[in-house]
Amino acid sequence: MTLTDYKYGDVIHRCFRCGYCKFPINWMDVNNCPAYARFRMETYSCGGRLWLTRAWLEGEIEWSDHLADILYSCTACKNCEVKCPLSFNIDILNMMIAAKGEMVERGEVPSPVKEFLENIQRQGNPYGTSRAKRGEWMEGTGIEAYQGQEFLYYVGCVGSYDTRGQETARILGKVLQKAGVSFGVLGNDENCDGNEVKNLGEETLFEMLAEENVAQFQGLGVQKIVTLSPHSYNTMKNDYPGFNGEFEVSHYTQLLQGLIRDGGLDVSGGYNATVTYHDPCFLGRWNEEYNAPRAVLKSTPGVQLVEMARNKDGALCCGGGGGNFYIDLLGGSADSPARRRVREACETGANVLAVACPNCLTMLEDAVKAEGLEDKLAVKDIAEIVGEACGIK
Amino acid sequence: MSGILVVAEHRNRALANVSYQVLSKGRQLADQAQMELLAVVAGSDVDAYAKELAGWADRVLAVKSDRLEGLLAEPCQKIIAHLIRKIKPKITLMGHSSFAMDMAPSLSVELGIPLATDCIDIFWQNGDILVTRSIYNSKVNATYSFAQSETVLITGRVGEFSVEEGGRQGQIEEIEFDFEEESDYKKFEGYLEAEAGGVDITQAEVLVSVGRGIKDKKNLEMVEELARVLGGVVSCSRPVVDYGWLPSERQVGLSGKTVQPKLYLGLGISGAFQHVVGMKGASIIVAINKDAKAPIFSVANYGIVDDLLKVVPALVNKISELKGKTE
Amino acid sequence: MDIIACIKRVPDTSEADFIKIDPAQRDIEKDRLAFKINNWDEYALEAAVQLKEKLGGTLTAITVGPEDWNEVLRRALAMGADNAIRIDRDVSADDAYTVAVILERVIQRLSYDLVLFGAQSEDFGSGQLGAMVAEMLGIPHATLVTVLEAEEGKVHTQRELEAGTLQSYTIELPALLTVHTGINQPRYISLRGIRSAMQKELQVMALDDPGLSPETLVPMVKLEKLELPPKGKEAELIAGAPEEAAERLAKILKDAGIF
Amino acid sequence: MDSVYQALVDIVGQEHVSNRQEELFIYSYDLGTTEPHRPDYAVIPRTTEEIQEIVKLANKEKVPVVPLGGGLSLAGLAVPFRGGIALDLKRMDSILEVNEKARYAVVECGVSQGQLTSYLERNFPHLTHSEPGAPPTATIAGNVAIHGQGDLAQPYGFNSDMVNGLEIVLPTGEVCKFGSCSIGSGWYTQHPLPDVGLFLGWSGTTGIITKVSIRLFPSKKIRGVGQFVVEDEELVPEIMYKLTHTQMTEDVIAFSQAIPPFASGLQHFTINIVADSEKELEFKHEIVWDDTLGEYIRSGAGGFLGFRSGLQRPQVSKTSDWRKGGGFEYVGAIMPVETYPECYRRGRDISERHDIPYTVLGRCIGAAHAMMFSWTYAFNRADPETIRQAREALHETDDLALELHGTIWKPGLYGQKLVMERLDPNTLNLMKKIKQMLDPNGIMNPGNWEVS
């Protein structure tokens, strides 16, 4: 592909590289771009990536492993789009995704990305674990298979396969049971939602996943979906309608907010902790849902909610987006965004860092360990906090 | 009654370990069937090898020729084919080495004889020879028999057969062999020895070894850190070298180095036999792997079934704590 | 340069707990397994595509197997193969020799300079096929190749020996090489690529096309039975959350005098 | 193996040095019209000690060192014309000290304007610093190194006049301190020791600033911007004179631009007024709008467009989007205020001749002692013709600034040449001697301020 064939060939040069994209909303730090925070070379800033993409498509530089790493280190956190003062900012991430897409079509992607996508092609999840094990997380929970219940509880790959994700998936299931919500799951028949696949630039694979999922959901008569992961929520809410998949999609924090408010869920058991909340990008900046998770926390007796300096649309991404919870191009350093984030959480004096995303959960929990902050800070999913408050072990 | 012929190989002025292994197996099979055990060794200077082999074999056939400098597959194939035709051994046995992988299949086609490679067991059953092979990622064992044939060709897995004392003093026969006109369609250019790097993993007391479970080069940093607190060195399995994440001098296994450290800590290594061959002599083997069924757990003394990316940082902390207490 | 790459399809058996052997002990139960292109073959294909991109010519991918195996040929077409041939055959009772006979018959009727194989297969791992076909075709070969450079009429290769040593050859074409992992980084094949490869022609040959019949294909090595390996010694597993497990392991190592 | 690369890795670590095409490409470019030149290495040090080691290595190997902060000069001052090491200082980003009572901040060289602004807002809301109009990624140190000015230029002068002390790594690798900090007395003043200010305005050719102490100023509770417009450019100098007489204003800027078209040809003023109370604000409003500008409003020569609370942070990068092309560059010059009308008219001519929407701006420095006048030319990065046009316009503007008895601020190579042609020969000779003494191997940002 040359610049002329590139979908954004007529806009990509409009980046001036002024660097607003690196900041959080109040300029307190120049490190709100997770990749730039990690590496600090101008190449890793949003502007750097746009200029490099253009240079690559113009033939000024060659494709290289390093170039691929730079592009794939973008976590699609959307900070740049929120901060860029220019009108073309609405397409910044699309420009990155299209550039990654070109790498995908050329077959030239970093090896962990290749593995990620091949695993999804083969097993429907990035881990490459068998499809036949997808439902193992629910063993012994009594959670039912979906057969026309009010809600489809869509768990997602991390919730289905990652040990910590599985714990959260189970607890959320129990909370929904306790609240008497009518819901079912797909178990081994659940497939990847495709959100990360899309962000990794594998458009056709994403389309296939979306089409298959929409067909499956429609075949089962699904109307309402509640998701564990904001990533699933995002793509089902915003992308699936483009595949004729019109469902009423909510993130579980939104559902819990309503249940608690209407007295459907008794959280009087409380949760005694000073809690700070980390906004997941795909709930926050992508879908502007800043309130529901906070409302759930605030309505849980005993929770004292404190904010990190960077919050809501200024939150620092955990570094796990754009497939990076698996491909992990931002790990391995004290400058890794997850480690920066847990240090920031610690500074608030909170003893619990609450998350609402299984990707954030694993990223930040690992970071707490890497920072040696286990005695000071526990990372908990809001589902776990609510679970404890309503008496679920 | 024809015998069993073992093809010995040598490099760097020594017989290969695997040759001793298949020689021991050959001795056992010969004794069981009351057959003669023959060994053949070819090279430009094979006297010392022949003497060594005579400790096991009843007869050692020593083929000497300048054409055999470097032990190349093509001239050897000619010699072995010639000998098999002449001797008609019931079994021809070799180690499943790189040399054998180059030669044995062509040899079997040239002679029209059956070939079973990389066998983990070879045994008699009702007068027939059977072999067991390990297939599907070491997860299934398959037993095979051979079609009717005067001789069968078998290669045995490296490290699979223990070396037993032969206790023989066989005869040594020097064999002359006339090579035909040399063709130049395949020209040997030489051996390239692995470059000596800054780190010699064979000398380390503690090896922290990583496999593909490390997922990305960047995660090596935490592994380096673990090696540091343990006073060890980082080594790896083949995929890590294939990905270019570590130099080949750090590779443990068949195509890498054989190590015998006090502690071998395998991280995200599944434990394919090619790797295990290189590290099973370690005093303590610890494996950390997400897959509970990974074969490495059957060679390890201790195992943790979990994500190494989660365990390693914790381990670094705990070891540092414990070290702090004593220092 | 005209290149032929021979490839196969294998089950993904990395998920150990799903390996089950059928009651007749003849095969494993494959209905819960996912399938893929043999790992070594992926490297061979990549090497072939890179040579073609550099030197021009054609690339033909060949497989011997039932209809499902079209999948790996489509992959090859998506990677850059010009032609794909499948010889229709249920290979489950074949050995390397019978498959070699089939391939030799097909290849000798094609025009080629270089034939590439993966050095071995993930499922059976016998590592015989390439060198057998070379011997049958009467062309030189080298196995376990980790470095490959081609020029007009010849290839420079290095093949891997034990302990990191490499053996270097210059080989005149036509020749056959079996390719080892690490020789390159196989490219990703996108779903779009695979889908457009669906449009490309895929030649299916019956066994009698190259003049063979089932009767002539008698394996020299015959499967007697499959069984799960005997349970060997197992590691003492340290359970618990990462921190607990790490703590116990640290103590064990300390007690063992490691630090 | 490249021995310089290896030595750099030994100094800063593998992750903080690159000789790969991607980094070399990015660090070869300025954001303006200057032709790119590739460095051989990009290095991001974290400490003064690392910088010392790098500079010593560069001397040994005769490799150029091109320091940069935000890299936003637009005039090509951080383009590695002769290759070498692009030294990106943004990792040195600690705010080391804020002395509230003596009103100064000591920062490392990579601290950005935005970072300090935000830090003060959160921790010392009654203190502020003089923020330039650049994007907030611009660094404090980079800005003082080129004699920048900010939104407190009217009351307090150039930002480089607000420097209380510096720590410098000399071109030969020694660390020097200047000001009270050099005798261990804190970072509160640069005077009155013997003046060795050899580092400001030299565009990184005489050393690398590693720490700066910068003055902070009172930040009043209410800060707002008043807008005023006149049709006749001839009125601008006297209005600036009158406004500065009031001593009631902070930033005073006059500007005129082609976009939006209805405002083209008008001279707009933005006048920053601050106060701690409504009463104070009321009082200042009365003096500024009624007593001082009232006569123009009443005569119809000018109009008051209102006052808005809260400082509008200028987003100059939006200018880059005028031609939907991601680029602009400007000539800034320090001019006598009385030249404003001529600057405007001649500048507009140049723009129109080169088919670029004109935009000019004069910021008052001190009590109208001078103004920084800028002529901005947008270009389309994807269209080489527009880059050429802009470059021509910029050169013509450099000529114009000198013709009108101005002094080019942070000139690029073309402007530097023009200035040096006019420079007093003895001064020029002294510059040459100083440069030779400080940087015997000529490694520091070569190409810039080179006296032949």
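**View 1. Strands β8 and β9 of chain D pair in the antiparallel sense.** Five bridges link β9(D) to β8(D), which spans residues 163-169; two strands count as paired if DSSP finds at least two bridges between them. Within this pair, K177(D) of β9(D) lies opposite E167(D). Helices (H or I, at least four residues) and strands (E, at least two) are DSSP runs, numbered from the N terminus. The model is a predicted one, in which local features need pLDDT of at least 70 and side-chain atom pairs count only at pLDDT 80 or more, while totals for chains, interfaces and linings use all residues. Residues are numbered from 1 along each chain as its sequence is written, and chains are lettered from A and ligands numbered from 1 in the order in which they are written.

**View 2. An open sheet of five strands in chain D carries a helix.** The strand order is β5-β6-β10-β8-β9, with antiparallel pairing. At the edges stand β5 (95-99) and β9 (175-179) of chain D, each of which pairs on one side only. On average, neighbouring strands of this sheet are turned by 10° against each other, direction ignored. Helix α3(D), residues 48-61, packs on the sheet and touches β8, β9 and β10 (208-215) of chain D. The direction of α3(D) makes about 50° with that of β8(D). Axes are lines fitted to C-alpha atoms, for helices over the stretch in contact, and angles run from 0 to 180 degrees between N-to-C directions. Residues are in contact if their C-beta atoms, placed from the backbone, lie within 7 Å.

**View 3. Chain B meets chain C.** The contact involves 73 residues of chain B and 70 residues of chain C. On the chain B side, α8(B) gives the largest share, eight residues. That side comprises 37 nonpolar, 18 polar and 18 charged residues. Here Ala, Val, Leu, Ile, Met, Phe, Trp, Tyr, Cys and Pro count as nonpolar, Asp, Glu, Lys and Arg as charged, and the others, Gly among them, as polar. Strand β12(B), residues 186-192, runs antiparallel to β9(C), residues 166-172, and six bridges join them. G190(B) stands opposite S168(C) of β9(C).

**View 4. Chain B also touches chain A.** Twelve residues from chain B and twelve residues from chain A form this contact. Both α5 (220-230) and α8 (308-326) of chain B supply at least two residues to the chain B side, and α8(B) provides the largest share, five residues.

Note on methods
Two residues are in contact if their C-beta atoms, placed from the backbone, lie within 7 Å.
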